[in-house]
Amino acid sequence: MTRFALTIEFDGTPFQGLQRQKHGPSVQQCIEEAITRVTGEDAVLHSAGRTDSGVHALAMRSHVDLETDLSTFRLTGGINAHLRPHPIAITACEEVSEDWHARFSCTGRRYLYRIVNRRAPAVLLRERVWHVAPDLDVEAMHRAAQSLTGLHDFTTFRSAHCQAKDPVKTLDQLDVVRAQTPFGPEIHVHAAARSFLHHQVRSMVGCLKFVGTGTWSAERLAEALAAKDRSKLGLNAPPQGLYFVSATYPDGADTDS
């Protein structure tokens, strides 16, 4: 039995998330079915993170255990061939030790949230960004975001369906910056932590949007965090602007976008 580490890129638009779901297609289901077609084996995909419906990934790290004698090159090519026409691609594949685990060995995760801030609709990026028409004060958003970094109880920014046992997390980075892309100017929110709660990034971005429009002050954002109360949440940002960027591992088997 060989453990293969996979790096996966996907467009989350047509899926109910990364993990298998009873009520619709998932990225995991598509990959497992493709692996079965290539190897004849029933595969179980384990991943560094979970994503909601509509959320994308630039370099999700996953692993699967197989008895196949195919090389990583042929395995990658076969999986990708059977993934078509789904918007999923295996961008890297390598053999790893049996004690390496995509989820439990992961020591850090990074997310990116993209906002297009203009009056005109973002027609070419309709399922790739959050279109916000009112002007946003990026500097105010960034300053306010710093009150969320560090060790906190993030209950306010946690989904009611979150399965994590502890709402206390250490947020290593939450930066709000202007970015110039081939599609024009965007606002990017960079978030990094060892792990995140369900909806944490989207909830934080939604509240930062209120800061950007002047609806909330930085003090109110800090008060919402301190309240440890989901009812104090201002807004949950939509999923289409969110991207899983990379996973970090102590052995250097990291992923980068």
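Buried here means under 20% relative accessible area. Keep that cut-off in mind for this predicted model.

**Stop 1: helix 2.** Select residues 72-83. Now colour the buried residues: Leu-75, Thr-76, Gly-78, Ile-79, Asn-80 and Leu-83. What do the buried residues of helix 2 pack against? Show strand 1 (2-10), helix 1 (27-39), strand 3 (56-66) and strand 4 (88-96); they are the partners.

**Stop 2: helix 1.** Move to residues 27-39. Helix 1 has 13 residues. From first C-alpha to last it reaches 18 Å, close to the 18 Å expected at 1.5 Å a residue. Pick out its buried residues: Val-27, Gln-28, Cys-30, Ile-31, Glu-32, Ala-34, Ile-35 and Thr-39. Their cover includes strand 1, strand 3, helix 2 and strand 4. Next, select Gly-40, which follows helix 1. Its phi is positive, near 80°.

**Stop 3: Glu-67.** Go to the loop between strand 3 and helix 2, where Glu-67 sits. Is Glu-67 buried or exposed? Its relative accessible area is 60%. The cut-off for exposed is over 50%, so Glu-67 is exposed. Which residues does Glu-67 touch, leaving aside neighbours within four places in sequence? Show Met-1 and Glu-41; Glu-67 is in contact with both.

Key:
Residues are numbered from 1 along each chain as its sequence is written. This is a predicted model: local features need pLDDT of at least 70, side-chain atom pairs count only at pLDDT 80 or more; totals for chains, interfaces and linings use all residues. Side-chain values use heavy atoms; hydrogens and water are left out. Helices (H or I, at least four residues) and strands (E, at least two) are DSSP runs, numbered from the N terminus. The expected span of a helix is 1.5 Å times one less than its number of residues. Buried means under 20% relative accessible area, exposed over 50%, partly exposed in between (1.4 Å probe, protein chains only). Contact means heavy atoms within 4.5 Å.
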